[in-house]
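Q: Hey, could you walk me through this one? I've got the sequence and the 3D view coming up.

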Amino acid sequence: MKIVIAPDSFKESLSAPDAAAAIARGIKQAYPDAHTVCVPMADGGEGTVEAVLAATGGQWRTTAVTGALGESLDAPWGWLDDATAVIEMAAAAGLEQTPPAQRDPLRASSGGVGEIIRAALDAGARRIILGLGGSSTNDGGAGLLAALGVRFLDKAGKDLPRGGAALADLDRIDIQGLDPRLAQVQLDIASDVDNPLCGPQGASHIFGPQKGATPEQVTLLDNSLSHFADICARDLGHDMRDQPGSGAAGGLGFAAHAFLNARFRPGVEVVAELGRLAQAMEGATLAFTGEGRMDAQTLRGKTPAGVARIAQQAGVPVVALAGSLGEGYEKLHAGGITAAFSLAPGPITLQHACENAAQYLCDRARDVTQLWVAASKRML
């Protein structure tokens, strides 16, 4: 019996490779002869590089960059044998890198992400995959672009300070210094966000509060991004503020659309393609997936939904294991997930659940496999 194991990470407890290994242990306890194939997954957010490298055998690389608030960071990224660089936005400007009391969405800059891209270009990258997720910034990607040679000038001809609030003073854009190597590179944006740049569903209103923005700051940032989009439309000749995904990562998606001719794809599809998940599903009897929490929102581009779509095409039933099951999780059945189970054996604290996630994953996978084997024997 061939069983494919394709989970996402379990935030604050297990990486995707570690989650897959725990599920595999449980399967083997119930059915030692099972042929397990692990394909760690991600959807473009944190853990994307680790999942891709685990599935492809790629290399870790590190680049010294400037963090979102000007601090020095060593940002990890990935390199594949076909000259593909795999980068996470969160590695250079991630929300989890900044304690809540220090978060400042008015000043936070995506410049460090541009510095990683520059390092990838220096390494000879022909394709760059950039995962958007977990950002602490709201600067419309201006910091990233500045790191790649674009200048954002005020009325006095001076470069703007870092951060989204400064965009309110933007007078003109100079793209003459944009790194010419970008024209020779395919840039793929891996994201599950389709929000526009501005307005009630835009970057500032939807994601700003979780980055520490007050209601007044949300309004200020939204107005600044709207002004930024106006100047870009005037100076570039096209208006990309309403393109799906422009609001991703504090508006970095807008920069990718407007300046970098990027191709946007669901993150889970990119990771599945690199990990050859569809090929792994061929001839499989059962598949496991999972992530920390599953609910109705999981259907909107999250890993379990993407795994289920690929499994459906191969006629493989899918079992999802989650730290918790939220409201509307039953809608996942229509999306191709045959059954979903919570890991918790009873009332426990979040800390206890995170500390024991590997064992709980192992236990649930064992129980599901035992049931599957028993049912299969009765059908023979």
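Q: Okay, where is A249 found?
A: A249 sits in the loop between α7 (215-236) and α8 (252-260). Keep in mind that this is a predicted model.

Q: What's phi like there, positive or negative?
A: Positive, at about 55°, although A249 is not a glycine.

Q: And is A249 buried or exposed?
A: A249 has 10% relative accessibility, so it counts as buried.

Q: Which other residue has phi near 55° without being a glycine?
A: R276 is one: its phi is near 55°, again a positive value. You'll find R276 in the loop between α9 (267-274) and α10 (277-281).

Q: Switching to strands. Which residues of β1 are buried on each side?
A: β1 covers residues 2-5, and both of its faces are covered. K2 and V4 are buried on one side, while I3 and I5 are buried on the other.

Q: How does β1 pair with β2, parallel or antiparallel?
A: Parallel, over four bridges, with β2 being residues 35-38. If you want a spot to look at, I3 stands opposite T36 in β2.

Q: What does the chain go through on its way from β1 to β2?
A: Helix α1, which is residues 16-30. That makes a β-α-β crossover, and this one is right-handed.

Q: How many bridges join β1 to β11?
A: Three, and those two strands also run parallel; β11 is residues 286-294.

Q: New topic: aromatics. How many aromatic pairs are found in the whole structure?
A: Four aromatic pairs turn up. One of them is W77 with W79: the ring centres are 6.3 Å apart and the planes are at 85°, so that pair is edge-to-face.

Q: Are those two tryptophans, W77 and W79, buried or exposed?
A: W77 has 3% relative accessibility, so it counts as buried. W79 is at 9%, so it counts as buried too.

Q: What about F228 and F254, how do their rings sit?
A: Their centres are 5.5 Å apart and their planes are at 70°, so this pair is edge-to-face.

Q: Where in the chain do F228 and F254 come from?
A: F228 is in helix α7 and F254 is in helix α8, 26 residues apart, so to speak a link between distant parts of the chain. Both F228 and F254 are buried.

Q: Which residues lie nearest its centre?
A: A142, G143, A146, L160 and P161 do, out of 19 residues that line the second largest pocket.

Q: Which element gives the largest share of that lining?
A: α5 does, with four residues. The elements that each supply at least two residues of the lining are α4 (111-122), α5 (142-147) and β7 (151-153).

Q: And how do the lining residues divide into nonpolar, polar and charged?
A: Nine are nonpolar, five are polar and five are charged.

Key: Residues numbered from 1 in each chain as written. Predicted model: local features only at pLDDT ≥ 70, side-chain atom pairs only at ≥ 80, totals over all residues. Heavy atoms only, no water. 1 Å grid on protein atoms, 1.4 Å probe; cavity = no way out; pocket = protein on both sides within 12 Å on 5 of 7 lines; lining within 4 Å. Nonpolar A, V, L, I, M, F, W, Y, C, P; charged D, E, K, R; others polar. Buried < 20%, exposed > 50% of the residue type's maximum accessible area, 1.4 Å probe, protein only. Pairing = 2+ DSSP bridges. Right-handed = clockwise from strand over helix to strand, strands pointing away. Phe/Tyr/Trp six-rings, centres within 6.5 Å; stacked < 30°, edge-to-face > 60°.
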